[in-house]
Amino acid sequence: MDLSIAIPEAQAVDAPTLLKLIRMAPVCDAEADELGAEYVAFFEDFPASVEIVARMIEEAWDLRDVHITLEGRPVVSRINFYAALRCYQESLSAPDAEAYCLEQAEKVGADRGCLERSCLSHCRFICSRCMGLSRDHSAPPMASQFLEIARRAEVDWCPNLRLAKLKA
């Protein structure tokens with residue numbers, strides 16, 4: 001999966017740790033257009049490079065005009081993407097990633113008062129009841145609806161997300 005992080009040169013030059021991280025990316029480049037120069041870090045192996053991507057986002061947290069692109073699609077919410085990234089990173093140290101995700105989703109469901117039945121989603125970032133899934137006959141298939149919700153939540157990239165298991 002391809003991910004790129006573009007940071008304006010004018011902001012990156014004052015952040016030596018960030019520059020070091022950009023140079024640690026598998027591929028990095030300096031690009032310029034009518035908006036100015038920027039450093040771009042490319043990760044063709046994302047999410048295998050989750051550690052360095054998380055550190056780069058942390059270092060660039062207060063910077064403006066940071067652009068993250070995943071599979072050619074811009075990441076709209078850097079904070080949502082980062083939260084999902086950290087969750088995935090934490091799941092890597094769990095003995096069972098699927099159980100970890102289910103546990104996280106159940107905690108969120110309990111906090112929201114969704115105790116009467118389990119959620120169709122096993123991801124803490126997407127709740128089938130809270131996100132307005134439609135079971136109407138004219139509605140898109142449930143898996144398609146979940147995929148759109150996952151995209152909006154910036155978690156559609158997560159290897160732990162199991163959308164294919166969803167049925168109507």
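View 1. A nonpolar core here is a set of buried Ala, Val, Leu, Ile, Met, Phe, Trp, Tyr and Cys residues joined through side-chain atoms within 4.5 Å; buried means under 20% relative accessible area, exposed over 50%, and partly exposed in between (1.4 Å probe, protein chains only). Helices (H or I, at least four residues) and strands (E, at least two) are DSSP runs, numbered from the N terminus.

This is a predicted model: local features need pLDDT of at least 70 and side-chain atom pairs count only at pLDDT 80 or more, while totals for chains, interfaces and linings use all residues. Residues are numbered from 1 along each chain as its sequence is written, and side-chain values use heavy atoms, with hydrogens and water left out.

View 2. Leaving aside neighbours within four places in sequence, Val-53 is in contact (heavy atoms within 4.5 Å) with Leu-3, Ile-5, Phe-43, Phe-46, Phe-81 and Leu-85.

**View 3. H3 meets H4.** The two helix axes come within 10 Å and cross at roughly 145 degrees; axes are lines fitted to C-alpha atoms over the stretch in contact, with angles running from 0 to 180 degrees between N-to-C directions. On the H3 side, the contact is made by Val-50, Glu-51, Val-53, Ala-54, Ile-57 and Glu-58, and H4 brings Arg-78, Phe-81, Tyr-82, Leu-85, Arg-86, Tyr-88 and Gln-89.

**View 4. E4 between its partners.** E1 and E4 pair in the antiparallel sense over four bridges, where pairing takes at least two DSSP bridges between the strands. Ile-5 stands opposite Ile-68 in E4. E4 also pairs with E5 (residues 73-74), again antiparallel, over two bridges, and Arg-73 in E5 is the bridge partner of Leu-70. The two strands form a hairpin with two residues between them, and Glu-71 in the turn has a positive phi of about 55 degrees. In a regular strand the side chains alternate between the two faces of the sheet. E4 has Ile-68 and Leu-70 on a covered face, and His-67 and Thr-69 on an uncovered one.

**View 5. Ser-4 in strand E1****.** Ser-4 is buried, with a relative accessible area of 14%. Not counting residues up to four places away in sequence, Ser-4 touches Val-40, Ala-41, Phe-42, His-67, Ile-68 and Thr-69.
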